Amino acid sequence: MRRKIYNDLLEWKDRKGKSALLIKGARRVGKSYIAEQFGREHYETFIKVDFNDISGENLNLILDTLHD
């Protein structure tokens, strides 16, 4: 299942693929799927952080760190 964003991800990787990437968009359109597929195909390892699966306490820790 190839998505239109795939080429954008390839361009991102070529430009600055060592920085974090945030994919935003409507619910249930395949963002997680394409990110995982891209990670598996183009990197030896990758880390997926899904804010839907994180506890409120841990999310607050992350947000507090970002605001420092």
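**Exercise 1.** Which residues of H2 are buried?

*Solution.* This is a predicted model, in which local features need pLDDT of at least 70, side-chain atom pairs count only at pLDDT 80 or more, and totals for chains, interfaces and linings use all residues. Residues are numbered from 1 along each chain as its sequence is written, and side-chain values use heavy atoms, with hydrogens and water left out.

Step 1. Helices are DSSP runs (H or I, at least four residues), numbered from the N terminus. Buried means under 20% relative accessible area, exposed over 50%, and partly exposed in between (1.4 Å probe, protein chains only).

Step 2. By this criterion, Ile-34, Gln-37, Phe-38 and Gly-39 are the buried residues of H2. H1 is included in what covers them.

**Exercise 2.** Describe the aromatic pair of Tyr-6 and Phe-38.

*Solution.* Step 1. Rings of Phe, Tyr and Trp (its six-membered ring) pair if their centres lie within 6.5 Å; planes under 30 degrees apart count as stacked, over 60 as edge-to-face and the rest as tilted.

Step 1. The structure holds two aromatic pairs. In the pair of Tyr-6 and Phe-38, the centres are 5.4 Å apart and the planes stand at 75°, which is edge-to-face.

Step 2. Tyr-6 lies in helix H1 and Phe-38 in helix H2, 32 residues apart, and the pair thus links distant parts of the chain. Both Tyr-6 and Phe-38 are buried.

**Exercise 3.** Locate the salt bridge and state how exposed its partners are.

*Solution.* Step 1. A salt bridge is a side-chain nitrogen of Lys or Arg within 4 Å of a carboxyl oxygen of Asp or Glu.

Step 1. Arg-40 and Glu-36 form a salt bridge through their side chains, at 3.3 Å from N to O. They are separated by about one helical turn, because they are four residues apart in helix H2.

Step 2. Arg-40 counts as exposed at 58% relative accessibility, whereas Glu-36 is partly exposed at 23%.

Conventions. Helices (H or I, at least four residues) and strands (E, at least two) are DSSP runs, numbered from the N terminus. Contact means heavy atoms within 4.5 Å.
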